[in-house]
Amino acid sequence: MSIEVTNISKVYGTQKALNQISFKVNKPEIVGFLGPNGAGKSTMMKILTTYLEATEGEAKVNGHDVNNNTKQVQQSVGYLPEHNPLYLDQYVREYLAFNAQVYGVSKNRINEVIALTGLTPEAHKKIEQLSKGYRQRVGLANALLHNPDVLILDEPTTGLDPNQLVDIRNLIKSIGKEKTVFLSTHIMQEVEAMCDRVIIINKGEIVANKTLKELRDDKEQVVIVEFDYRVEDAFLLKLPKVKSVKNTHDFIYEITFATAEDMRSHVFDFAHDNELKILQLNQKNASLESLFRELTN
Ligand code: ADP
Ligand code: MG
C-alpha cells in the first residue's frame with residue numbers, strides 16, 4: 001500500500017481543516033484529490049510529506065508511519081508543493097545540483113531527471129527565464145531526484161496555459177506508469193485528463209472515492225430529443241445504456257441513460273438509421289463537473 005490514511009483530523013486553532021479522513025492509494029496509480037479551495041487538500045498533503053503533524057489519526061507512506069518514521073517517509077515521497085517555491089535567480093542545473101546534494105543523490109541522477117522531465121533544452125537557463133510550464137517541470141524534476149516511489153503533487157497544473165497544461169498532464173501520466181501519484185486539483189477536468197481514481201474532499205471530509213469508470217457508470221444523463229414523427233417507447237429503449245424513456249410532449253422524448261458518456265451521437269445515429277429527423281437534441285446533467293458541484297455545493 002503506497003498511502004494509507006486512517007481517521008486523520010487536523011485542527012488549526014478552532015478550525016477543523018480535516019475531519020476523520022480515511023483512504024488508501026495503491027501502486028502504481030494516479031489518484032486525484034479533488035476539492036474546492038479551502039477543502040483541506042494541502043493540509044492532507046503536508047501531513048503525508050511530514051511537513052505538518054496531524055492532530056489525530058494515523059497516516060503511512062510506503063508502510064512508514066508519518067509520525068514515527070519521518071526519515072523513511074521523506075525518502076519514499078517526492079513532493080511538489082502548491083506555488084512551487086523555486087529560487088528564481090538560480091540556474092536549473094544549479095538548483096537541482098544543490099538539492100541533489102541535500103538529498104545525497106548522485107550527480108548522474110541530475111541528468112536523468114532533466115531528461116525525464118523534458119528539461120534538457122532549458123537546463124542551462126535561469127529559472128526566472130522559464131515559462132510557468134517549465135518551472136513546473138523543474139519542480140517535478142526536483143521531486144523525482146531521490147527516485148521516490150510516491151509523488152505528492154499539490155495543484156501541479158494550476159495556472160498553466162492550455163499548451164503547458166497538455167504537456168504537464170502527459171508528463172504526469174507517464175510518471176504515473178511507474179510511480180504512485182497523488183495529486184490535488186480543484187478542477188474536475190484535470191482529474192478526467194490524468195487520473196485512474198478520484199477522492200473528493202469537501203470541508204475536510206471525503207464525499208467520494210471512486211474510479212473514473214465507476215463515476216461515469218454511476219452518473220445518469222437525460223437527453224431530450226424531438227423527432228418529426230411518433231416513436232414507440234419500446235423502440236427507444238433499444239438504445240445502448242438506456243434506463244427509461246418518457247414521452248413528455250407530442251414527439252418530444254426524455255431519455256435517461258445510465259452513463260455520463262455523451263449519448264447524443266447514439267440518439268442521432270438511431271434517428272438516422274430509422275429515417276427520423278431530429279428537430280431538437282439536448283442533454284442535461286452529463287458532466288462529471290456537475291457531479292462535483294453537487295457533491296461540494
Ligand atoms: P486546500 O488546499 O484544499 O485549499 P487547505 O488545506 O489549504 O485547503 O486549508 C484547509 C482549511 O484550513 C482552510 O479553511 C484554511 O484557511 C485553513 N488553514 C490552512 N492552513 C492553515 C494554517 N496554517 N493556519 C490556520 N488555518 C489554516
Ligand atoms: Mg491547497
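When I speak of a helix axis here, I mean a line fitted to the C-alpha atoms over the stretch in contact, and the angle between two such axes is taken between their N-to-C directions. Please keep in mind as well that this is a predicted model.

Let me begin with helix H5, residues 132-144, and helix H6, residues 162-175, whose axes come within 9 Å and cross at roughly 15°. Because angles under 35 degrees count as roughly parallel, H5 is roughly parallel to H6, and the crossing of the two is right-handed. On the H5 side the contact is made by Lys-132, Gly-133, Gln-136, Arg-137, Leu-140 and Leu-144, while H6 contributes Gln-164, Asp-167, Ile-168, Leu-171, Ile-172 and Ile-175.

Now to the metal: which residues coordinate the magnesium ion, ligand 2? They are Ser-42, through OG, and Glu-82, through OE, at 2.0 to 2.5 Å. Ser-42 sits in helix H1, residues 41-48, and Glu-82 in the loop between strand S6 (77-80) and helix H3 (92-103), so the pair ties together parts that are 40 residues apart in sequence. Ser-42 is buried, at 15% relative accessibility, whereas Glu-82 is partly exposed, at 28%.

Finally, I would point you to Lys-219, which lies in the loop between helix H8 (212-218) and strand S11 (221-227). Is Lys-219 buried or exposed? With a relative accessible area of 9%, Lys-219 is buried, and its C-alpha lies 8.8 Å from that of Glu-261, a residue 42 positions away in sequence.

How values were computed: Residues numbered from 1 in each chain as written. Chains lettered and ligands numbered in written order. Predicted model: local features only at pLDDT ≥ 70, side-chain atom pairs only at ≥ 80, totals over all residues. Heavy atoms only, no water. Helix = DSSP H or I, 4+ residues; strand = E, 2+ residues; numbered from the N terminus. Buried < 20%, exposed > 50% of the residue type's maximum accessible area, 1.4 Å probe, protein only. Axes fitted to C-alpha atoms, helices over the stretch in contact; angles between N-to-C directions. Parallel < 35°, antiparallel > 145°, perpendicular 65-115°, else oblique. Left-handed = near helix turned anticlockwise from the far one by under 90°. Contact = heavy atoms within 4.5 Å. Donors = N, O, S within 2.8 Å, 3.2 Å for Na, K, Ca; no water.
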